[in-house]
Amino acid sequence: IAAGEADAAMYEQLGESYKKAGNLPRAIQNLEKASQLDPKNSGLLISLAECQAQSGAIDAAILTYEQGIAMNPKADKEYKALGKLYMQQKKSESAIKNFKKYLENNKDDELAKIVGQEAFKAKNYTEAVKYLSMVSGADASAPSHLKMYAEACSQTKDDTKAFQLYKELSVKTPQDADVMKKLYEIAGKAGTKEEVLTYLKKYTALKPGDVEAQKVLADNLYESKDNAGALAAYRAIVKADPSVKGIYKRYAELALATGNEAEIASVLNGAIAAGEADGKMYKKMAEIYSKQGNHAKAVAMYEKASQSDPKDVSLLTDLAESQAKSGNTSAAILTYEQAIAMNPQASKEYKVLGDLYMQQKKTESAIKNYKKYLEKNKDNGLAKIVGEEAFKAKDYTEAVKYLAMVSGAEASTPTHLKMYAEACSQTKDDFKAYQLY
């Protein structure tokens, strides 16, 4: 070198010696000189780039690597080194480009993870799947890797692979609600009905506040005839969202089957608040209030039930009964009149209506209804009342008719015998009158 007689090979040899000894500045100096003398030697450039990188001259090293790679179609490990230098400069795009070139001919879990994760962040799920699938060993079983890989597969519509990966992940993270939700969703496309239900149950157990999922679970259990499970799910829905809507038809049906009056009342009140109560629900609620002696509330419920099914005479009769018990005699009378008008088979209703008219001292109307009742029924008390009223009115034919209906001890009392005998006498039935007297 001092004599000016050194060639490229000499500078290269000296540069490599300095490189081996760790004297990077002298190594760089000699390798640069060698490269100037032999500019087509890509190996010299790569060795120089390594020294530049080790000395911290990242920009120079990158430039030199790019030159060396451009000159060498067989470049391989150089792509990995160049990619790492770009990473140090936070130039991810350039780094990923070189890592991909390296992975074309080599296996490297770390680089595959980096490339796959960057593709996932960029929502390039096809690329993400490609590189995440290259990861092997312990890294491939890590929950974070499985989750990302599974989601990438899901995004690329590879439900079978995604389902497989999420299943594997669920074993490692059994308390991860998001994983169970994904399994439930994908099971509908890549699994069985049983798996859909299994993972939906697991998800809602971990996330009971997800009302929509609870609704799906409850409906599925209801349709599969698992009434106990469906009822539990509907309870969970209301606990999570007391103002929920759209569940009460089935929920009420299941609650009614339990016979638990407290729960039935709670469910029916929920249905009413949600605007989902039907006639049967209002009727049941009315019966509960009536049983509790809260006749005013029972009236309100029977009115709602009757509005939903105005042709149901029994609802009118129940309403009238509750109105009477609540002290609203006038309303009860009106309702009984409606019920009777709609029911040709009415019977006991006439007696109750007659009693209500009596309470209002409307004797004529009361008697009219008692007579209708007595057409099909035997009742000493009513027969006496009707007969006595007819006698007072000097309608002796009617008096005889109804006093004759009285039987038993009542028929043997002196007052009854005397009145009955007199009525017979007034109607010219002397034989009967003689007998009675």
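Reply: In this predicted model, Tyr166 touches Lys147, Ala150, Glu151, Val179, Lys182, Leu183 and Ile186, leaving out residues up to four places away in sequence. Tyr166 belongs to the largest nonpolar core, which has 65 residues. Together with Tyr234 and Tyr248, Tyr166 is among the residues with the most contacts inside that core. Helix α12, residues 177-190, supplies the largest share of this core, with 7 residues. Another core lies apart from it and has 23 residues, including Tyr79, Ala95, Val115 and Tyr131.

Two helix pairs can be described in more detail. Two packed helices are described by the angle between their axes and the distance between the axes.

Helix α4 spans residues 58-71 and helix α5 spans residues 77-88; their axes are 10 Å apart and the packing angle is about 150°. An angle over 145 degrees counts as roughly antiparallel, so α4 and α5 are roughly antiparallel to each other. The crossing of α4 past α5 is left-handed. On the α4 side the contact is made by Ile58, Ala61, Ile62, Tyr65, Glu66 and Ile69, and on the α5 side by Glu78, Tyr79, Ala81, Leu82, Leu85, Tyr86 and Gln88. Sorted by class, this contact of α4 with α5 has 10 nonpolar residues, 1 polar and 2 charged.

Helix α14 (residues 211-223) packs against helix α16 (residues 248-258) at an angle of about 55°, with the axes 11 Å apart. That angle makes α14 oblique to α16. Here too the crossing is left-handed, as α14 passes α16. Asp219, Tyr222 and Glu223 of α14 meet Arg250, Glu253 and Leu254 of α16. By class, the contact of α14 with α16 has 2 nonpolar, no polar and 4 charged residues. Tyr248, named above for its contacts inside the largest core, falls within the residue range of α16.

Glu263 is found in helix α17, residues 261-273. The relative accessible area of Glu263 is 13%; buried means under 20%, so Glu263 is buried. Leaving aside neighbours within four places in sequence, Glu263 is in contact with Leu231, Arg235, Tyr251 and Thr258. Of these contacts, Tyr251 and Thr258 fall within the residue range of α16.

Conventions. Residues are numbered from 1 along each chain as its sequence is written. This is a predicted model: local features need pLDDT of at least 70, side-chain atom pairs count only at pLDDT 80 or more; totals for chains, interfaces and linings use all residues. Side-chain values use heavy atoms; hydrogens and water are left out. A nonpolar core is a set of buried Ala, Val, Leu, Ile, Met, Phe, Trp, Tyr and Cys residues joined through side-chain atoms within 4.5 Å. Buried means under 20% relative accessible area, exposed over 50%, partly exposed in between (1.4 Å probe, protein chains only). Helices (H or I, at least four residues) and strands (E, at least two) are DSSP runs, numbered from the N terminus. Contact means heavy atoms within 4.5 Å. Axes are lines fitted to C-alpha atoms, for helices over the stretch in contact, and angles run from 0 to 180 degrees between N-to-C directions. Angles under 35 degrees count as roughly parallel, over 145 as roughly antiparallel, 65 to 115 as roughly perpendicular and the rest as oblique. A crossing is left-handed if the near helix is turned anticlockwise from the far one by less than a right angle, and right-handed if clockwise. Ala, Val, Leu, Ile, Met, Phe, Trp, Tyr, Cys and Pro count as nonpolar, Asp, Glu, Lys and Arg as charged, and the others, Gly among them, as polar.
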